[in-house]
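Please keep the structure in view while reading.

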Amino acid sequence: MYLVILAGSLVRMTGSGMGCPDWPKCFGLYIPPTSEDQVKWAPNYNYSEGTILRKDNGLIVANKDFVSKEKFDSSNWYPYTKHDYSDFNATKTWIEFLNRLIGAIAGLFTVLMLLLSLKFWKKNKNYSLISILIVLGMGFQAWLGKLVVDSNLAPYKITVHMLMALVIVGLIIYLIFISNSANKIYLDNKLKILISLSLILTLIQIISGTQVREFVDTQYVLTQNKELWLNKPDLNFYFHRTFSLTVFSLNAYLLYLTFKRKYSLKPILCVMSVIFLEILLGIIMYYADFPIFSQPAHLFLATILFGIQFYWFLFFKYKFQK
């Protein structure tokens with residue numbers, strides 16, 4: 001799942017989200033085209049139903065299986081109307097295809113996990129029930145991916161797509177947690193509440209980061225000059241930058257409390273390390289004009305941070321006073 005998120009961020013960084021204009025196939029094919037000639041009409045060519053080609057700055061779809069003749073016959077085609085994006089770039093097409101491929105592999109593993117969980121049905125039904133939720137979540141995520149493509153990358157749909165990935169990660173982490181009977185549980189109301197708050201702050205930071213990313217995407221369309229992308233940033237950028245200090249401060253306090261109460265420091269040290277790297281990457285992106293792979297790394301670390309915090313959160317239970 002983390003690889004799916006990383007691949008998705010690479011798609012975003014390279015502007016490859018529409019590398020495949022349709023879903024789940026790519027230009028109506030199971031294996032994407034590798035050159036522009038493959039998405040242009042050609043005479044005496046065997047076309048399959050659903051094949052998509054570029055024509056007159058638009059897309060057309062084959063309505064049946066046929067062999068083309070010397071002249072183009074419009075009766076064999078109908079216009080693709082879900083969106084008006086028709087550019088072709090082989091590199092971007094394959095980046096998007098590999099993103100989908102990794103997602104499909106992740107989906108197959110969740111199905112396998114569900115099948116294996118069934119043998120524990122009598123011992124603990126939660127294994128199977130959570131596995132079912134994960135598989136359903138993957139199906140819903142795939143459907144969201146289709147909506148993102150059909151909408152020509154509507155920003156709010158991309159954000160929902162990202163948040164759904166975190167929900168699936170959370171479910172998998174919870175399944176890992178409950179399947180380990182050796183976990184030591186701590187009764188600590190204050191730590192439980194503060195870790196919960198830390199998780200919420202991280203989610204707010206991730207969502208605000210997607211808004212900054214959308215602003216950068218807009219600037220990318222307006223100018224290819226990276227130096228100008230954050231020349232006049234909007235309010236989301238300043239919020240995202242300043243809010244990182246709030247996230248850091250709360251987790252620094254959690255580090256202090258964890259040390260004071262003699263709990264294991266490993267989770268919070270991992271959290272603080274990731275936050276430090278996140279802030280460092282943010283500084284590098286701003287002052288070094290978005291070095292290659294800095295944006296995917298920034299998002300990837302944010303999802304890693306969420307995972308660590310959520311796993312740590314599960315170790316604490318509320319202590320109710322009689």
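The axis of a helix is a line fitted to its C-alpha atoms over the stretch in contact, and the angle between two axes runs from 0 to 180 degrees between their N-to-C directions. The model discussed here is predicted.

**The helix pair**

Two packed helices are described by the angle between their axes and the distance between the axes. For helix α2 (residues 90-117) and helix α3 (residues 125-150), the axes come within 8 Å and cross at roughly 160°. Angles over 145 degrees count as roughly antiparallel, and α2 and α3 are therefore roughly antiparallel to each other. The crossing of α2 past α3 is left-handed. Among the residues in contact are G103, A106 and L114 in α2, and S131, V135 and M138 in α3. By type, the residues of this contact comprise 10 nonpolar, 6 polar and 1 charged.

Strand β3 (residues 58-62) is mostly covered, with 5 of its 5 residues buried. In a regular strand the side chains alternate between the two faces of the sheet. In β3, G58, I60 and A62 point one way, while L59 and V61 point the other way, and all are buried.

| Partner of β3 | Sense | Bridges | Facing residues |
|---|---|---|---|
| β5 (residues 77-79) | antiparallel | 3 bridges | W77 in β5, bridge partner of A62 |

The hairpin of β2 and β3 has 2 residues between the strands, and D56 takes a positive phi near 55° there.

Methods: Residues are numbered from 1 along each chain as its sequence is written. This is a predicted model: local features need pLDDT of at least 70, side-chain atom pairs count only at pLDDT 80 or more; totals for chains, interfaces and linings use all residues. Side-chain values use heavy atoms; hydrogens and water are left out. Helices (H or I, at least four residues) and strands (E, at least two) are DSSP runs, numbered from the N terminus. Angles under 35 degrees count as roughly parallel, over 145 as roughly antiparallel, 65 to 115 as roughly perpendicular and the rest as oblique. A crossing is left-handed if the near helix is turned anticlockwise from the far one by less than a right angle, and right-handed if clockwise. Contact means heavy atoms within 4.5 Å. Ala, Val, Leu, Ile, Met, Phe, Trp, Tyr, Cys and Pro count as nonpolar, Asp, Glu, Lys and Arg as charged, and the others, Gly among them, as polar. Buried means under 20% relative accessible area, exposed over 50%, partly exposed in between (1.4 Å probe, protein chains only). Two strands pair if DSSP finds at least two bridges between them.
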